Amino acid sequence: MNDTSHHDERIAKMTFASVYPHYVTKVEKKGRTKEELHQVIEWLTGFNKTSLQKLIDEKVTFEQFFQRATINKHAHMITGAICGYRVEEIKNPLTQQARYLDKLVDELAKGRKMEKILRGVPGV
């Protein structure tokens, strides 16, 4: 991926609260649930429903969101293209983590089995 500092900075400054409703809409339009979305987010970040709501209420940026997260040690298993980029080739760690989340939400919306989305690894 040809990372640009502008692109990375834009992702860092975007608030999680501004994107979260789009995640919910995307998965629910495809017949998945908010609970499944929370399961995916918790697998990647360690944030449960309560801590996630607190972060939304605080209007944290993606930079703050991922600084506070405990990224799943199996996140490196998330591969493939999202937004035209291969997530495994993204150089900026924050941008890569944001794209990991995008990729998981995309897989959930596409009807992929939860076991596959969570890379066959149930916990953190």
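# Helix packing in a predicted model

Visitor: In which helix is Thr45 found?

Guide: The model is predicted: local features need pLDDT of at least 70 and side-chain atom pairs count only at pLDDT 80 or more, while totals for chains, interfaces and linings use all residues. Residues are numbered from 1 along each chain as its sequence is written, and side-chain values use heavy atoms, with hydrogens and water left out. Helices are DSSP runs of H or I with at least four residues, numbered from the N terminus. On that basis Thr45 belongs to helix 3.

Visitor: Is Thr45 buried or exposed?

Guide: Buried means under 20% relative accessible area, exposed means over 50%, and partly exposed lies in between, with a 1.4 Å probe and protein chains only. Thr45 has a relative accessibility of 1%, so it counts as buried.

Visitor: Which backbone nitrogen does the side chain of Thr45 reach?

Guide: Setting aside neighbours within four places in sequence, Thr45 is in contact (heavy atoms within 4.5 Å) with Phe65, Phe66, Ala69 and Thr70. At 3.1 Å, the side chain of Thr45 also reaches the backbone nitrogen of Phe47.

Visitor: Why do the buried residues of helix 4 lie on the same side?

Guide: Helix 4 covers residues 49–58, and Leu52, Leu55 and Ile56 are buried there. The arc is taken from the directions that run from the helix axis to the C-beta atoms. These residues are on the same side of helix 4 because the arc they cover is only 100°.

Visitor: Which helices do the buried residues of helix 4 pack against?

Guide: The face turned away from the buried side of helix 4 carries the exposed residues Thr50, Lys54 and Asp57. The buried residues pack against helix 2 (16–29), helix 3 (34–45) and helix 5 (62–68).

Visitor: Which residue caps the N-terminal end of helix 4?

Guide: Just after helix 4, Lys59 takes a positive phi of about 55°. At the N-terminal end, a side-chain oxygen lies 3.1 Å from the backbone nitrogen of Thr50, and the capping residue is Asn48.

Visitor: How far apart in space are Tyr20 and Leu37, C-alpha to C-alpha?

Guide: Tyr20 is in helix 2 and, at 9% relative accessibility, counts as buried. Beyond neighbours within four places in sequence, its contacts are Lys34, Leu37, His38, Ile41, Leu52 and Ile56. Tyr20 and Leu37 are 17 residues apart in sequence, and their C-alpha separation is 9.9 Å.

Visitor: Is helix 3 roughly parallel or roughly antiparallel to helix 6?

Guide: The axes, lines fitted to C-alpha atoms over the stretch in contact, are compared by angles from 0 to 180 degrees between N-to-C directions. Those of helix 3 and helix 6 come within 10 Å and cross at roughly 150°. Angles under 35 degrees count as roughly parallel, over 145 as roughly antiparallel, 65 to 115 as roughly perpendicular and the rest as oblique. That makes helix 3, relative to helix 6, roughly antiparallel.

Visitor: At what angle do the axes of helix 1 and helix 6 cross?

Guide: His7, Asp8, Ile11 and Ala12 in helix 1 meet Leu94, Thr95, Ala98 and Arg99 in helix 6. The axes of helix 1 (residues 5–13) and helix 6 (residues 93–109) come within 9 Å, with a crossing angle of roughly 60°.

Visitor: What is the relative accessible area of Glu107?

Guide: Glu107 has its place in helix 6. Glu107 is buried, and its relative accessible area is 7%.

Note on methods: Helix = DSSP H or I, 4+ residues; strand = E, 2+ residues; numbered from the N terminus. Polar contact = N/O pair within 3.5 Å; in protein donor to acceptor, adjacent residues only side chain to side chain.
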